[in-house]
Structures are given as structure tokens and as C-alpha cells.
Amino acid sequence: MSINNTDEYYMRCALELSANGAECSPNPRVGCVITRGGSIIGKGWHKKCGGPHAEVEAVRDAGGDIEGADVYVTLEPCSHYGKTPPCADMLVSLRPGRVISSISDPNPKVAGQGFEKLRNAGIEVKTGVLEEECRWINRGFLRRMKEGRPWTMIKCAASLDGMVALKNGKSKWITGPEARTCVHELRAENDALLTGVGTVLADDPEMTVRYAAGRSPLRVVLDRTLRTPPKAAILKGGAVIFTLPSASSEKAAVLEDAGARIVRVSCDNFLGDVLKELCGMGVNYLMIEAGPSVTSSFISGGLCDELALFVAPKIMGNGRSFAGGAEFQEMEDIPRLKDVKYTKYGRDLLIRGLFECSPDL
Ligand code: AOF
Ligand code: ZN
């Protein structure tokens, strides 16, 4: 195997390990493999925020002696004191032969300084190995660091004619059990689930993970005038309600007693501010499970990265379409998807792709 192929091979192992850290938000998913003389002597990944970084786990796994070894780490080793001390300093003191990494850390507290510390100490550094794969695994962290908003996925379940409800509002159930299980799996991959007060009033959803393994994400409701009923199921395990500065403080107090956290954001840039606040709460991955008006406002605002649309082989006729609140004058202006995948769940079809407007990672 040539050195490039070897580097890719071990980086792939490190990337696979990093994907285990699905619950480490707001931190990135990072994996590390340490090799010497063609064999792996240590492995590790960042398990959760506040815990040891991937490099520390791998060094421990290797028993502490990594002199002259090759360290494959998916993200640039950190150079700052956060909740844990700098990994770059630890590596410098342990004298590995090479540090091979996939991407640099966009965190302004690091941003190249980790690599610099290593190079200044005479350690060979190579970067850019399997960069695209690593960017995809860390799309949430990168979006939050670079754009100041989480990675946003819109999830909808619609009929063949794109409807999510009948004209009278009835909507249960459009898709079958297989698709609904998949929705719970998607929920578990996210840090927060967002809906609108219209959906809370119409369906009273719990928005928890029940039919899949994993923790339930933070629940978020957009409710400009605080119409959420204090008994709403979504408030049971706690939820954040975003509202306008003008919303009634009496209603806010009642909802806070019911377990909600009320956050007031500007009227002018409502969605933008909601996303910014969610970033501050450490949300890297946000799934939007809402009705046509909230879904449409994210689409019209160009604030969405990914669509997961479940289509059931049913015809609902003149109802409410999933993006019916969006309107375009020219065909050139309509949102399009790229990298589209089609998967069957029972009788239903999942169409999953990236919005073309989603910024590069
Ligand atoms: C690494 N290896 O495994 C991770 C890194 O608060 P702390 O100390 O956990 O630092 C969090 C920051 O460290 C995070 O924002 C990112 O810049 C970097 N994450 N760095 O060398 C790791 N998870
Ligand atoms: Zn670190």
C-alpha cells in the first residue's frame, strides 16, 4: 500500500470512530487512530461534551507511549484551554512522528494554531485526508461555526399530490408505520426538533423519540403570541418557546410554570434570531417538523440545508400542501435539491436531498 492509501485507510478508521460521537454536540465528532509499524496501537473518539477529546482517549488506549508513532485524527488537535486542556500540547510532549488530520478546526479559538504548535515542535503534519467525508460527518458543527446557524433538515410527510392535511385540517396518518419509525430514527440524530404553534394546536405532538434508540432532542416551538396551551404534550419533558417581545408576560409565566423556557426574539429577523439563539444553546443539528407556514418560511428564507420528504401513495386532493406558503414568480427561482436519494419504507418513499442554496461546508 502506498503512503497515501495507508493514510486514507487509517483516516477512514478514525472517521468511523468519530461517528460514534453522535451525542457530543455542541462539540464536533472526532475520531483518532494511532499506529506504529503498520499496526493500530490506540483508538478513541470524543464521546460527549466536557469529556476527553479523541486524541486523549486514543493515547490512553495506546498505554501512553506514542513516541515516533503516527497519529490520525479527523480534526485539527485543539490549541486552547476549553473544558479540557490543549491536545496539541499533549501531543508535543509525547513526540509522535507524524500527525495526519482531515480538516482544520474552524473554531476561532483553534483555527490553525493546533497545527502550528505541532509544526513548531518539529512534528510532521499532513492535512486534507478524506476531507469531504469529514466535513459531511461534521456538517452541524461546521454550519454553526461558519454560518452561525445549525444544520437544518426539513422533514415532511405528504401524499402523492404534496398534501400534508385535508382542507379541514385532518392529517392522521398519511404515511405508514415503517416511515414513522424512520422519523424517530431521524429525530434521534438531531439536537433539537422545531415545530410551530399551529401544529401544537392541531396535533398536540410529543415530539420525542419513542420508536427508535437514542435520547429525545430539545423541543422547540415557534409561537409569536403564546397560543401554546399549558397542557400541550410537547411541554411535558420541557421545551423552548420562541416568541415576540410583545407577547403577554402573564401567558409567559403560565407556560414557564408548565415547563417551558420562553425566549423573546425580534420581529424583524424572527427565524434568523431563532437559529442564532439555538446555536447559543449548542444545537448543531435541527430538524423542522412543522406545518406549511413554518416549513415555507424556512424554504423561502433560504435557511434550510436538507429535505427529508416521505411521500405516501395516496391522493388527498384540495388540501394543504407542505410548502404551500411559499410563492415564486419564475421557474429559475424555485428551490431545487441535489445529491438526492430515494429509499422505500413500506409503501412510502423517502426523498432525501440537499437544497442547492445550502452553503458549501
Ligand atoms: C480536539 N479533539 O476530540 C475535539 C475537539 O470544551 P472542550 O475542551 O471540549 O473544547 C471544545 C472545542 O475543542 C470544540 O469547540 C472544538 O473546537 C475542539 N474539539 N478538538 O482536538 C476533539 N472534540
Ligand atoms: Zn483537543
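This is a short tour of a predicted model, stop by stop.

Residues are numbered from 1 along each chain as the sequence is written, and chains are lettered from A and ligands numbered from 1 in the order of writing. In this predicted model, local features need pLDDT of at least 70 and side-chain atom pairs count only at pLDDT 80 or more, while totals for chains, interfaces and linings use all residues; side-chain values use heavy atoms, with hydrogens and water left out.

**Stop 1: ligand 1**

Select ligand 1 and the residues with a heavy atom within 4 Å of it. There are 18 of them, and the closest are His53, Ala54, Glu55, Lys83 and Asp105. By class, this shell has seven nonpolar, seven polar and four charged residues; Ala, Val, Leu, Ile, Met, Phe, Trp, Tyr, Cys and Pro count as nonpolar, Asp, Glu, Lys and Arg as charged, and the others, Gly among them, as polar.

Next, show distances from the oxygen atoms of ligand 1. An N or O atom in the side chain of histidine 53 is 2.7 Å from one such oxygen. From the backbone, an N or O atom of cysteine 78 lies at 2.9 Å from an oxygen atom of ligand 1, and a polar atom of threonine 84 is 2.8 Å from an oxygen atom of ligand 1. The protein covers 96% of the 520 Å² of accessible area (Shrake-Rupley method, 1.4 Å probe) that ligand 1 has on its own.

**Stop 2: the zinc ion**

Select ligand 2, the zinc ion. Which protein atoms are its donors? They are His53 (ND1), Cys78 (SG) and Cys87 (SG), 2.0 to 2.2 Å away; a donor is an N, O or S atom within 2.8 Å of the metal (3.2 Å for Na, K and Ca). The site is tetrahedral, with angles of 100 to 117° among four donor atoms; the term asks that all angles of four donors lie between 85 and 135 degrees.

Along the chain, the donors follow the spacing H-x24-C-x8-C. Histidine 53 lies in the loop between β2 (39-45) and α2 (54-61) and cysteine 87 in helix α3 (residues 87-94), so the two tie together parts 34 residues apart in sequence. Helices (H or I, at least four residues) and strands (E, at least two) are DSSP runs. Cysteine 87 is buried (under 20% relative accessible area) at 1%.

**Stop 3: glutamate 289**

Move to the loop between β12 (285-288) and α11, where glutamate 289 sits. Glutamate 289 is buried, at 9% relative accessible area. Its side chain makes a 2.7 Å polar contact with that of arginine 187.

Methods:
A polar contact is a pair of N or O atoms within 3.5 Å; within protein, one must be able to donate a hydrogen and the other to accept it, and residues adjacent in sequence count only if both atoms are side-chain atoms. Four donors count as tetrahedral if all angles lie between 85 and 135 degrees; four count as square planar and six as octahedral if opposite donors are over 155 degrees apart and all others between 65 and 115; anything else is irregular. Buried means under 20% relative accessible area, exposed over 50%, partly exposed in between (1.4 Å probe, protein chains only).
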